[in-house]
Amino acid sequence: MDARDRLRRYLEQRRDMGETEMLLDSMTVDDVMRAIGAIDTGPRGSTSSDAEASSDWREALWEDRPADDGLEAPADSGELFDDDVMRLNSLKTIENAVAKCTRCRLYKTATNPVPGEGSPKSRLVCVGEAPGANEDATGRPFVGPAGNLLTKILAAVDLRREDVFICNVLKHRPPGNRNPLADEVLACSPYLVRQLELIKPKVIVAFGTFAAQTLLDTKTPIGKLRGLVHQYHGIPLVVTYHPAALLRNPAWKRPTWEDVKLARRILDSPPGA
Ligand code: SF4
């Protein structure tokens, strides 16, 4: 067995265990598998037979977006923001809409919708990628081992889960925890945008590469996004590692601690500071 076969076997084992990230800049396991030719990318470069859309969700998500702020639909789009979701007037009505949503294929394979939970008056919103198996089974975001770690992370800066709003970019679980597809992100994003509009938090914390790159419309690796205060439509946004990644890479706990302390400082800052 040559080095390439050994690497492929190692990556396959990691992927079968549910891992999608590794310590190689922002590349996912599938990216590396594709790079070494261990995944047939097919004519469209997609690994999913049901994916008619590009596997680069960021390009499809943002290509129709206005350059200035994104909250107004472009005249020829009407897809992302100019729809009924943007007229939902409470978190409860969003929850009800998500429960009945058929805007993308994910409702067909998920067990429960996971719209998010927390107070409409939350001053801090945590945004992750998508529900996993535990979240799908319970209908609640960030439960199971990663959720327990998030609870501890929040407690370390004197916050209880009920003090914050917790949600994901996608509201239904992608089957087998596969990466979200571009059209799924495009279909689901209005729910998150509307949740943030209604809550108007003082700070947003994006957990993990996917949430950070989606909210910030960038392909910059998470290592270069964290440690800074970004802006999401005028709301300060801090990027940090996803708790599931921390469980695999304990060395990231210290930078994560620094990131949540940064979010806490923003929370404690006087208005207009
Ligand atoms: S993932 Fe989002 S867009 Fe897709 S069905 Fe669920 S709520 Fe609707």
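Author: Helices (H or I, at least four residues) and strands (E, at least two) are DSSP runs, numbered from the N terminus. Residues count from 1 along each chain as its sequence is written. The model is predicted: local features need pLDDT of at least 70 and side-chain atom pairs pLDDT 80 or more, while totals for chains, interfaces and linings use all residues.

Reader: Which helix gives the largest share of the shell around the ligand?

Author: The shell holds 13 residues, Cys101, Arg103, Cys104, His172 and Cys188 being the closest. Near means a C-beta atom, placed from the backbone, within 6 Å. Helix H5 (106-109) and H8 each supply at least two of the shell residues. The largest share, three residues, comes from H8.

Reader: Are H4 and H8 roughly parallel or antiparallel to each other?

Author: The axes of H4 (residues 91-99) and H8 (residues 182-199) come within 10 Å and cross at roughly 170 degrees. Axes are lines fitted to C-alpha atoms, for helices over the stretch in contact, and angles run from 0 to 180 degrees between N-to-C directions. Over 145 degrees counts as roughly antiparallel, under 35 as roughly parallel. The pair is therefore roughly antiparallel.

Reader: How many residues of the contact of H4 with H8 are charged?

Author: Leu91, Ile94 and Val98 in H4 meet Tyr191, Arg194, Gln195 and Leu198 in H8. Contact means C-beta atoms, placed from the backbone, within 7 Å. Asp, Glu, Lys and Arg count as charged; Ala, Val, Leu, Ile, Met, Phe, Trp, Tyr, Cys and Pro as nonpolar; the others, Gly among them, as polar. Five of these residues are nonpolar, one is polar, and the number charged is one.

Reader: Which strands stand at the edges of the sheet?

Author: The open sheet has five strands in the order E2-E1-E3-E5-E4, with mixed pairing. Strands pair if DSSP finds at least two bridges between them. Each edge strand has a single partner, so one side is left without a neighbour in the sheet; these are E2 (165-168) and E4 (229-232).

Reader: Which residue in E3 stands opposite cysteine 126?

Author: E1 (residues 124-128) and E3 (residues 203-207) run parallel, joined by four bridges. Opposite cysteine 126 stands valine 205.

Definitions and conventions: Angles under 35 degrees count as roughly parallel, over 145 as roughly antiparallel, 65 to 115 as roughly perpendicular and the rest as oblique. Two residues are in contact if their C-beta atoms, placed from the backbone, lie within 7 Å.
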